[in-house]
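Trainee: I would like to go through the labels on this model one at a time and check each against its criterion.
Mentor: Then ask, and we will set the values against the cut-offs.

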Amino acid sequence: MIKSDVPRDKAHRETLHARYKDLAFVERDFRDMKTARLEVRPVYVRKRDRTRGHVFVVMLALLLKRYMERLLHASMEKTDLQ
């Protein structure tokens with residue numbers, strides 16, 4: 001059961017369920033950002049601009065990772081392996 005504050009006339013059950021399942025991707029992305037894959041951990045820099053730059057690069061890497069996963073998934077659907 002999924003409880004939501006979205007009115008019934010604004011979203012269907014299927015839409016709410018799909019958005020709930022999307023949370024798994026968000027959680028995976030945060031885990032990837034914190035681990036050795038992308039390393040958005042405390043950075044020992046003294047200047048705010050450098051910290052912001054580091055986080056920007058990590059977020060850009062995350063976007064590229066997602067894009068590459070989508071391309072790979074799309075190419076796998078086109079093969080005769082299934």
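Trainee: What makes the contact between the side chains of Glu-69 and Lys-65 a salt bridge?
Mentor: This is a predicted model, so the distance is a computed one. The N to O distance between the side chains of Glu-69 and Lys-65 is 3.3 Å. The cut-off is a Lys or Arg side-chain nitrogen within 4 Å of a carboxyl oxygen of Asp or Glu, so the pair qualifies.

Trainee: Where do Glu-69 and Lys-65 lie?
Mentor: Both are in helix H2, 4 residues apart, which is about one turn of the helix. Salt bridges with shared partners also join Arg-28, Lys-65 and Glu-69 into one network.

Trainee: What is the N to O distance between Arg-28 and Glu-69?
Mentor: The side chains of Arg-28 and Glu-69 meet at 3.0 Å, N to O, in a salt bridge. This pair links distant parts of the chain: Arg-28 is in helix H1 (residues 13–34) and Glu-69 is in helix H2, 41 residues apart. The structure holds 2 salt bridges.

Trainee: Why is Arg-28 called partly exposed?
Mentor: The relative accessibility of Arg-28 is 25%. Buried means under 20% and exposed means over 50%, so Arg-28 falls in between. Glu-69, with a relative accessible area of 32%, is partly exposed by the same rule.

Trainee: Why is Leu-63 called exposed?
Mentor: Leu-63 has a relative accessible area of 57%. The cut-off for exposed is over 50%, therefore Leu-63 is exposed. Leu-63 is placed in helix H2 (residues 48–77).

Trainee: Which residues form the nonpolar patch on the surface?
Mentor: The patch is formed by Phe-56, Val-57, Leu-60, Leu-63, Leu-64, Tyr-67, Met-68 and Leu-71. Together they have about 860 Å² of accessible area. For the whole chain, the accessible surface comes to about 8,100 Å², and 58% of that belongs to carbon and sulfur atoms.

Trainee: How do you know that the end-to-end span of H2 agrees with its number of residues?
Mentor: At 1.5 Å a residue, the 30 residues of H2 should span 44 Å, and the end C-alpha atoms are 44 Å apart, so the two agree. For H1, 22 residues should span 32 Å and the end C-alpha atoms are 33 Å apart, which also agrees.

Trainee: How do you know that the buried residues of H1 line one face of the helix?
Mentor: The buried residues of H1 are Asp-29, Asp-32 and Met-33. Seen down the axis of H1, they fall within an arc of 90°, so they line one face. On the other side of H1, Arg-13, Glu-27 and Lys-34 are exposed.

Trainee: What covers the buried residues of H1?
Mentor: The cover includes H2. The buried residues of H2, which are Val-58, Leu-62 and Lys-65, pack against H1.

Trainee: How many helices and strands are there in the chain?
Mentor: There are 2 helices and 0 strands. Of the 82 residues in the chain, 10% are buried. Among contacts with a separation of 6 or more, 33% come from residues 24 or more positions apart.

Definitions and conventions
Residues numbered from 1 in each chain as written. Predicted model: local features only at pLDDT ≥ 70, side-chain atom pairs only at ≥ 80, totals over all residues. Heavy atoms only, no water. Patch = residues over 30% accessible without salt bridge, like charges linked within 9 Å, V, L, I, M, F, W, Y side chains within 5 Å. Areas by Shrake-Rupley, 256 points an atom, 1.4 Å probe, with all protein chains shown as cover. Buried < 20%, exposed > 50% of the residue type's maximum accessible area, 1.4 Å probe, protein only. Contact = heavy atoms within 4.5 Å. Expected span 1.5 Å × (residues − 1). Arc of directions from axis to C-beta.
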